[in-house]
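Hello,

Here is the structure I said I would pass on.

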Amino acid sequence: MSTNNLKIFVFVVLIYLLSVSCNLSKTGKVQIHVHEKELLSDLDTIEVWCPYNYYCITWQVECENGQNLRISGSSMSEGNQLFGSFNIMNNYMNNNKLDVDSLNKRLQKMQVEKPYLILHRQYALPDSTWGTFKMFVLFTKNSELYGAKDKLIALSRSE
């Protein structure tokens with residue numbers, strides 16, 4: 001192998017290792033974007049950068065009248081691509097009871113295998129009582145959690 005080819009090879013390997021090491025970190029990234037104008041609230045997004053070889057699970061827990069906790073929706077994405085991300089469109093962010101700026105600061109330091117509450121809102125029920133809606137995000141190696149609704153509810157209680 002000539003010297004020039006060796007230099008190119010070493011350069012490519014270094015760039016590859018640098019890009020992999022950036023995404024091999026043990027934390028992911030979650031960023032919540034809320035539009036200022038109410039008319040654009042359907043464009044509010046949660047941007048998720050999943051750590052390499054981890055699964056990002058998001059799930060929603062609903063509770064009516066302080067009882068009957070249930071999973072109302074969930075999704076999962078695998079961090080198997082370099083710098084891979086996905087966006088969750090959500091039109092309830094403008095009703096989030098959590099302060100988005102302080103929440104984003106907290107989410108930048110999130111750890112794996114620990115659930116984080118990213119959305120909490122209340123809504124009126126037909127009988128004039130209140131229901132709550134909470135959305136959680138978790139970076140985990142355990143993909144089986146996605147199908148285990150009882151475990152997701154238990155994790156949501158630990159947050």
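E47 is buried (under 20% relative accessible area, with over 50% being exposed and partly exposed in between; 1.4 Å probe, protein chains only), yet it has no salt bridge, and the nearest side chain of opposite charge, K29, is 4.1 Å away. A salt bridge here needs a side-chain nitrogen of Lys or Arg within 4 Å of a carboxyl oxygen of Asp or Glu. For charge, Lys and Arg count as positive, Asp and Glu as negative, and His and the chain ends are not counted.

This is a predicted model, in which local features need pLDDT of at least 70, side-chain atom pairs count only at pLDDT 80 or more, and totals for chains, interfaces and linings use all residues. Residues are numbered from 1 along each chain as its sequence is written, and side-chain values use heavy atoms, without hydrogens and water.

E47 lies in strand β2 (residues 45–49). Beyond four places in sequence, its contacts (heavy atoms within 4.5 Å) include K29, F86 and N87.

R121, in strand β6 (residues 116–124), is also buried without a salt bridge; E62, the nearest side chain of opposite charge, is 6.1 Å away. Among the residues R121 touches, not counting those up to four places away in sequence, are Y92, K97 and F133.

L145 sits in the loop between β7 (130–140) and α3 (149–158). L145 counts as buried because its relative accessibility is 10%. Outside four places in sequence, L145 is in contact with I57, L138, T140, K151, L152 and L155. Its C-alpha atom is 9.8 Å from that of Y55, 90 residues apart along the chain.

Regards

Notes:
Helices (H or I, at least four residues) and strands (E, at least two) are DSSP runs, numbered from the N terminus.
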